[in-house]
Amino acid sequence: MSSFGFGLITAAVLAIATVGFTMQFAVTNVLNLAYGSIMINSAFVAYYVNQHGVTAWVALLGGVATGAIASWLLNRFIYTPFQRRNLAPITVVIVSLGVDLVGTFGLQAIVGGGYVSFNQSQGHEYHILGMLLSGLQLVIFGICAVVLVGIHWLLKYTRLGKAMRATSANRNLARNSGVKTQFIISTTWIISGALCGLAGTVFAMNAGVFEATSAQLYIVLLLAAMFLGGPGEPYGAMFGAVTIGLATEVSAAYINPEYKDVVAFLVLIAMLTFRPFGIFGSEKTN
Amino acid sequence: MSVELSKKGLVLTATGLAAGYDGRAIVSGITVEATPGKVVSIVGPNGSGKSTLLKSLVGVVKVLDGSVKVGDTDITNMAPEDVAKIGVGYVPQIDDVFPPLSVKENLEIGGYLLKRHEVNERIEAVLEFFPKLKAMMTRKAGKLSGGERKMLAMGRVLMLSPSVLVLDEPTANLAPIVATQLLEEYIRGFANFGSTVLLVEQRAKAALRISDWTYVLGGGRVVLEGPPQDLAQNPIFVESFLGGGAKAHPPKD
Amino acid sequence: MGPYGFYIAIILVYAAVDSMACLGLNLQFGVAGISNFGYIIFQSVGAYTAAVLSMPNAKTTNGGFQQYVLGWHLPWPFPWIGAAIAGGLLAIPFVFIVGKRLRGDFAAVGLLVSAVLLNLLVKNYVPFLNGDAGISLVPSPFQHYWNPQSLGYQFAYGGVAIVLTIGVYFLVKRVTESPYGRSLRAMRDNDIVADSLGKDLRMQRTSVLILGGAIAGLSGAILVGFITLWAPGAWGYAETIVLFAAIIIGGAGNHKGAILGAVLVPVGFEEITRYLPPLGNPELVPALEWVSIGLLIVLFLWFRPNGILPEKRRILSGNKNAAPPEPTKGDAESDALIKIGNVQELNFHELLHLSEPVNDNRVILSTNGLTKSFNGVTVVSDVSIAIHQGRLTGMIGPNGAGKSTTLAMLAGTLPSSGGQIFYEGTDITSMPSHKRAQAGIVRTFQLASEFKKLTVLENLVSAIPHQSGDTFLGSLRGKRYWGRQDHDHIERAKEVLEGFGLSQYADVYAGGLSGGQRRLVEIMRALLAEPKILLLDEPMAGVHPNLAHKIGDQLTNLCEGGMTIVMVEHELAIMDAFCDPVIVLAEGQVLAQGTMAELRQKEEVVEAYLVG
């Protein structure tokens, strides 16, 4: 059962990250493989704020802001200009890999290679339904749950959220309806970037110790969760993240924990091979 | 009809218009005018440039020459979202709804430029015009039938009480009976309310039946125009669709 | 030489290994358009294979301090040969990812993830290849006869590596410059169209994955024999990005560019800076290298997307000195300026190798209840038609009537949802489209479908069937094997081009032509595919009316000569002049059939067009 508890935390963090990732894909058709590097950069900004005597939970806001600003800049000044040239999608993916290198190793050049950790306590240990969870984990879980509910509320019940979904479904028609899609796309990148920053920071808190390249392979979990639920589908992303998060942690209890991510890889490869539009998605027609 | 469906119509004029993709004109030398309370239709064979013309009026395709005006406002090459703001409602031929959004959400996006409290009022008004949609407000637009989908697409543009309605082949892929109802009941209805309706139609004769004035497009230019009763009997009209020697059947009623 | 001798030898080996790897990747990415983000695992499997083939049994060596499989202790060159074979074999499972019709970026992600997965498995399952610690003490070739630490040995090793790399260069060049290479580049530019011309995409992708994999495997073997150790840290997914960076910077599709890129990026950055004195924190120098590589990728893709040495335009016409014509203007007038050639005088029968006219008017292609639906919406419903041999059959109908969809199902571009298609009495409903093309059913497309980065002449020649150099093995046999035939093919294509009045564009990239010119290229290309049945989807759109009529005359002649043509067209004047019979589709169903004159008298047809 304790692995189930870990799985819940992993799944919650992954869900936040995947929702942001899939929203970016939904509105701009970019597989932003630099996502992991923005996560870890955000975590480090939060860490430095924390080092200056600010409590970790307030420092978290620094991470969120970093993610939002960096993502917006990335889309505005790199992805959008490339996309205006009508290149094959693969070109933008290669660009995102280049950006990932710059982001990850630029950070490493600045902070060095050592492991760091937040200045915060793990809190009490709690036994809940047979799961052993630390206070820190419970708070992380709580934040993630609140944010996911918030995203749900945003997408389903607000004018902005509906405009975001409309823009991703049919950009031209949204413009014909009076939606300033350029603004909506920027806003989407800011919100998804905030999710990225949040996910990166709580991921680092949950991990305990972290360094500049800690999130380098996180992108694979993101991709697995996204493709499981269907690319560009925020609710699919939540479903995919919960499935992948639980599956990796629970399987870790039964097989060598070093292999826990293998589940995610296998899911991703199976999805790409057999149902690239996700479990719930439908095949797009031209 | 108890509620006001649209604002008072405005005159839409295009003068000496040339438009197309990548700097290449698909249509050129086009002068058309649509006036309040009237249905003005544009017909012509496949590939004659009808859709391109409409798209250029609403800012989707680039205008290369000439100008477009709504009332006193020059809207030549204005961004589509601003064209919508000025009161031109455009329903494209395909991709005319947001499939993953519910019917209600589609209407809400249609009313995106309205004030928050106006949206629900406006939805009520639109539903009164398309009562069929009432029963399917929570259904996803992608799951609607062709006819329901088209009603939603028109309902979406009516949300902003447009002064000018620009409709691109609204009856494409609809069963004939639904098409006839759509044209005669709804589209004619818009004009009777005082809206300006500019309609591109594949079903030329059906379009003639509800039009006050018709332009015939061929090879990217206006080849014929006039009141529909004159056109229907004009051999050039039938020929422009089926080529020389086509038999003009008398219109059925 | 002094103390720098060893350093230079090491650089030579690395330059050779990286160049070799880049050549293999360039064949896949630059020539065939496969974004193999997992390329590094092919090099790695080669390194591991060479290591365990050359090493003695793990349990009895050095007290069994490392674990690994095999341990066959084979003498050189068997470990290297084994490495190349292993690299090639590893390619086979990946065909399932890239062989499918998957968005290019999705397939790339699948390969990337596969690479990460394999790395993870090797890292954590120690008994297989000694896990994270990696394999060390890999024997160098001939180490008992010649001290690997000696300068002479190291230079000799570098020499062998360079000779092999030169060999690989000529190998990939041989494939690339052959008719098969032309087909690979056609697939890169537009795979659906290449498929419709009879190119077997899965076979083509498999062949370059295997060849590129084998090359990568050999490069790994050379490297491991020199550095004598190999561990999971050496082949993280970022290493693949380095190779991609090399190719993008050097020039994708240009093999000299690949070598230049290899020398500049992996060698330049990784190997030379390795000997810089440490400054700042220990991670600083390597971290800055990665940052530079990332920046270079982004900057090159923006400022110089074709690299330092862009892919060369192939001048097939033999007219190397001719200045290319002025780029065509992008306005409607330019089409009217096309010089209309002697298309009427062309003897297509001879040019296109048409068989003797057999014009027996039999049913050659027919459908029975053919149906297509997308996500529950039926666009073609229960269409049963019979196409007669030697006739020019027209297909008309309002927008959305299902004409193009029907045509696509006949050609196999779209699978049908129901019903059957028969060709010469055989059920071909489930036959893949390239097989149908090979059997003589060739289609054209409504949207621009030229191979953009092939010249006009290459576009035409690529369609000619039965080219002896258009197989993987044929391409390996070299120009002596296929050159004479290819020369004849080029001459034939030039004559057709002349007939259509486009000779001056022979060596221009097809992507730079005007819309009308591209239509003509497409029609010429389809004719050169030697079809028995030609399916034309709005071929005259954007073509000058005078020329359209000349082409129509030629199509009629072709039919008299035994070809069967089905043409979707909205220009009814064309239908009038050339097509008999004409099939009218409306709302996915067959409405009527007959000559245009007959159809015009039919009320339901007039209604479909005018009323609906």
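Reader: Before strands are discussed, which definition of pairing applies?

Author: Two strands pair if DSSP finds at least two bridges between them. Helices (H or I, at least four residues) and strands (E, at least two) are themselves DSSP runs, numbered from the N terminus. In chain B, strand β6 and strand β7 (residues 164–168) pair in the parallel sense over 4 bridges. Within this pair, B:Y90 stands opposite B:V166.

Reader: What kind of model is this, and how is it numbered?

Author: This is a predicted model, in which local features need pLDDT of at least 70 and side-chain atom pairs count only at pLDDT 80 or more, while totals for chains, interfaces and linings use all residues. Residues are numbered from 1 along each chain as its sequence is written, and chains are lettered from A and ligands numbered from 1 in the order in which they are written.

Reader: To which sheet does β6(B) belong, and which strands stand at its edges?

Author: The sheet of chain B is open and has 6 strands in the order β6-β7-β8-β3-β9-β10, with mixed pairing. At the edges stand β6 (88–91) and β10 (221–226) of chain B, each with a single partner strand, so one side of each has no neighbour in the sheet. From one strand to the next the twist averages 15°.

Reader: Which helices lie across these strands, and at what angles?

Author: Axes are lines fitted to C-alpha atoms, for helices over the stretch in contact, and angles run from 0 to 180 degrees between N-to-C directions. Helix α5 (residues 146–158) of chain B lies across β6 and β7 of chain B and runs at about 165° to β6(B). Helix α6 (residues 176–192) of chain B lies across β3 (39–43), β7 and β8 (196–201) of that chain, at about 150° to β8(B).

Reader: How does one read the packing of α7(C) with α9(C)?

Author: Angles under 35 degrees count as roughly parallel, over 145 as roughly antiparallel, 65 to 115 as roughly perpendicular and the rest as oblique. Helix α7 (residues 179–189) and helix α9 (residues 201–227) of chain C pack at an angle of about 110°, their axes 11 Å apart. That makes α7(C) roughly perpendicular to α9(C). Two residues are in contact if their C-beta atoms, placed from the backbone, lie within 7 Å. C:S183, C:L184 and C:M187 of α7(C) meet C:L201, C:Q204 and C:V208 of α9(C).

Reader: Are the residues of β4(C) buried or exposed?

Author: A residue is buried if 20 or more other C-beta atoms lie within 10 Å of its own, exposed if 12 or fewer, and partly exposed in between. Strand β4 (residues 392–396) of chain C has 5 of its 5 residues buried. C:L392, C:G394 and C:I396 point one way from the strand, and C:T393 and C:M395 the other way. With strand β9 (residues 564–568) of chain C, β4(C) pairs in the parallel sense over 4 bridges, and C:T393 has C:V566 as its bridge partner. Strand β10 (residues 582–586) of chain C also pairs with β4(C) in the parallel sense, over 3 bridges.

Reader: How many residues of chain A are in contact with chain C?

Author: There are 36 residues of chain A in contact with 37 residues of chain C. On the side of chain A, α4 (89–111), α9 (218–229) and α11 each supply at least two residues. The largest share, 15 residues, comes from α4(A).
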